[in-house]
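User: I want to learn how to read salt bridges in a model. Can you take me through them?

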Amino acid sequence: SGFQTTPAAVNGVIYVSGHYGTVYAVDENTGRQLWSNHIDEASSSSPAVYNGVIYVGGMGSLHALYADTGVEKWSYSAYKDVSSPAVANGIVYFTNGRGDAFAAFAVNGTTLWTNHIGSSISSPAVAGGLVFAANDSYVFALDAATGQEIWCYYTGTTQVSSPAVANGVVYAMHYGDSGTDIIALDASSGQVIWSKVPGQRNSYALSVANGRVYAGSNDHNVYVLDASSGNQLWTYAAGDSIYSAPAIVSGTVYVGCEDGYIYAIGQNNKPPTVKVVSPVNGAVNISTGRIITATFDKDIDPATLSGFTLRDSKNVPVPGTVTIKNKVATFTPTNPLARNTTFTAKLAASISDTGGRPLGTDYVWSFTTAQLEPMVLWSYQTTGASTSTLVGGIIYAGDSQGNVYALFASNGTKLWSSPI
């Protein structure tokens, strides 16, 4: 019958609704079907399980089924395309394709409140006494007890998945000038905390766990962002578009993809390593204006780069700034380095990758600056690539455009020029 919904797993049983309106219960150990119930002509709703009852949306109604038998306990007419429900504190929250939001008592389906918030609307998320949902232009926060609108935020785009909520923050998509942002909103006020563009004009299915935002994208990538700052931590390229929100269990990311594969994406638990440094260890005659770089094999947490330091031969710290881009950390001295001096650069053991894994040991190397620095005495611009010769204090030069020049070698002043 086809499955495009997320199963629910409770007490050793997997519950899933098929595209053509049948709900199934399957033993999680053997795969044996325990029961099925054809509830409607179609269903694109993922089931929710609460106190021994399954709540699942159909083409025009929300259905409550006993989890052990699949027998219907009650149904609630919601007119059109009922969403995946969310259940909290004895109340089941759901939406429909007309832009209505509903709250009903989970025990018997009696209406607590309804609110029409306009156009097709996402499945709801419930947290902190608020219900969060989105339509094709706005993210809404409704009072969970009354349905009254608390705030709304204009996003300018249809949400692929429900807003993701954690620790008082709502994560959703926003269509901005530079692409489709992932935004973090204060759950109580709707104020923007941060906004980031991982890809370009993409759509994102979002989930949040362990202080990170996980985004499946139609550009074939899974993006992982720091939940507090929005900084991108890592990216995984799958084989096709991703329209389902990733699931995260014990640090492993599970995601379904349009290429027909289910991906389990783990983290590389090895510590970062230094691939190359510049100047190299033992280098001599280095320019006093040289920057110092270190290239890592992993993305590095910028907050730990205070451990990238430089000291002179008397062990005096050299002032400078440290930046990182594309795994390359750069130390830029505030002032030119002293001539004919040996400097020691150090990457402290505490420098860590974006997953929190430190180098573990200090990485140290040295180089020596040049005794004398070259200095340009003069230059003269010709009209093309040139060659020259010196005769009696005069430089005679010809260029690729057929001109000949005579210049004083002492200061570059032109004596004459002539086309040939």
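**Salt bridges**

Analyst: A search of the whole structure, which is a predicted model, finds three salt bridges.

User: What is the general idea behind such pairs of side chains?

Analyst: Opposite charges on side chains can pair when the charged atoms come close. Here, Asp 100 and Arg 98 form a salt bridge through their side chains, at 3.4 Å from N to O.

User: Is Asp 100 buried or exposed?

Analyst: Asp 100 is buried, because its relative accessibility is 9% and the cut-off for buried is under 20%. Arg 98 is partly exposed, with a relative accessible area of 43%.

User: Which side chain does Lys 298 meet in a salt bridge?

Analyst: That of Asp 353, with 3.5 Å from N to O. Lys 298 sits in the loop between β30 (292-296) and β31 (308-311), and Asp 353 in the loop between β34 (342-347) and β35 (363-369), so the pair ties together parts 55 residues apart in sequence.

User: How buried are Lys 298 and Asp 353?

Analyst: Lys 298 counts as buried at 12% relative accessibility. Asp 353 is buried too, with a relative accessible area of 3%.

User: Where does Arg 357 come in?

Analyst: Its side chain meets that of Asp 353 in a salt bridge, at 3.1 Å from N to O. Both Asp 353 and Arg 357 are buried. Shared partners then join the salt bridges of Lys 298, Asp 353 and Arg 357 into one network.

Notes:
Residues are numbered from 1 along each chain as its sequence is written. This is a predicted model: local features need pLDDT of at least 70, side-chain atom pairs count only at pLDDT 80 or more; totals for chains, interfaces and linings use all residues. Side-chain values use heavy atoms; hydrogens and water are left out. A salt bridge is a side-chain nitrogen of Lys or Arg within 4 Å of a carboxyl oxygen of Asp or Glu. Buried means under 20% relative accessible area, exposed over 50%, partly exposed in between (1.4 Å probe, protein chains only). Helices (H or I, at least four residues) and strands (E, at least two) are DSSP runs, numbered from the N terminus.
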